[in-house]
Amino acid sequence: MGTLRDLQYALQEKIEELRQRDALIDELELELDQKDELIQKLQNELDKYRSVIKPATQQVHKQSVLQEHQRTKRQAISAEPTAFDIHELSHVTLPFYPKSPQ
């Protein structure tokens, strides 16, 4: 075994080593706290963006679904054919089909 002086010196070295480790642990805990705060801040920002974007995308989706289910409306209805000359159609006789009263 070593002398008392050697043991005291070894004890001082271990104490200094523990102080260095404690200082490193304190620095890492501080860094971890800062990163936790940053994560929380970014999470809050993400929640804000999601709250704005989600309703907007839902509206677009609802509009597209509604458009798929709606019939397209006619732009115009014409009673007379426009491709033919009216004078030519006056000579055309339409067929007659007799029907029963029922």
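Which residues form a nonpolar patch on the surface, and what is their accessible area together? Tyr49, Val52 and Ile53 form this patch, with about 330 Å² of accessible area together.

The model is predicted, so that local features need pLDDT of at least 70 and side-chain atom pairs count only at pLDDT 80 or more, whereas totals for chains, interfaces and linings use all residues. Residues are numbered from 1 along each chain as its sequence is written, and side-chain values use heavy atoms, with hydrogens and water left out.

**View 1. The protein chain and its helices.** The protein chain contains two helices and zero strands, where helices (H or I, at least four residues) and strands (E, at least two) are DSSP runs numbered from the N terminus. Of the 102 residues in the protein chain, 0% are buried; buried here means under 20% relative accessible area, exposed means over 50%, and partly exposed lies in between (1.4 Å probe, protein chains only). The accessible surface of the chain comes to about 11100 Å², and 57% of that surface belongs to carbon and sulfur atoms, with areas taken from the Shrake-Rupley method with a 1.4 Å probe and, for residues, only the protein chains shown counting as cover.

View 2. An unreviewed UniProt entry lists residues 16–50 as "domain: cGMP-dependent protein kinase N-terminal coiled-coil"; the positions are given in the numbering used here, the feature names are shortened, and annotations may be inferred rather than shown by experiment. In the model, residues 16–50 are 100% helix and 0% strand, and the end C-alpha atoms of the span lie 51 Å apart.

View 3. The structure holds four salt bridges, each defined as a side-chain nitrogen of Lys or Arg within 4 Å of a carboxyl oxygen of Asp or Glu. In one of them, the side chains of Arg19 and Glu16 meet at 3.9 Å, N to O, and because these residues are three apart in helix α1, they are separated by about one helical turn. Arg19 counts as exposed at 53% relative accessibility, whereas Glu16, at 38%, counts as partly exposed. Arg21 forms a salt bridge with Glu17, with the closest N and O atoms 3.0 Å apart, and Glu17 is partly exposed at 32% relative accessibility. Lys48 and Glu45 form a further salt bridge, with the closest N and O atoms 3.8 Å apart; Lys48 is exposed at 51% relative accessibility, and Glu45 is partly exposed, with a relative accessible area of 31%.

**View 4. Surface patches.** Patches are made of residues with over 30% relative accessible area and no salt bridge, like charges being joined within 9 Å and nonpolar side chains (Val, Leu, Ile, Met, Phe, Trp, Tyr) within 5 Å. Tyr49, a member of the nonpolar patch, lies in helix α1, which covers residues 4–69. A patch of negative charge on the surface gathers Asp22, Asp26, Glu27, Glu29, Asp33, Asp36 and Glu37. Asp22 has its place in helix α1 and is partly exposed, with a relative accessible area of 46%.

Note on methods:
Lys, Arg positive; Asp, Glu negative; His and termini not counted. Charge placed at Lys NZ, Arg CZ, Asp CG, Glu CD.
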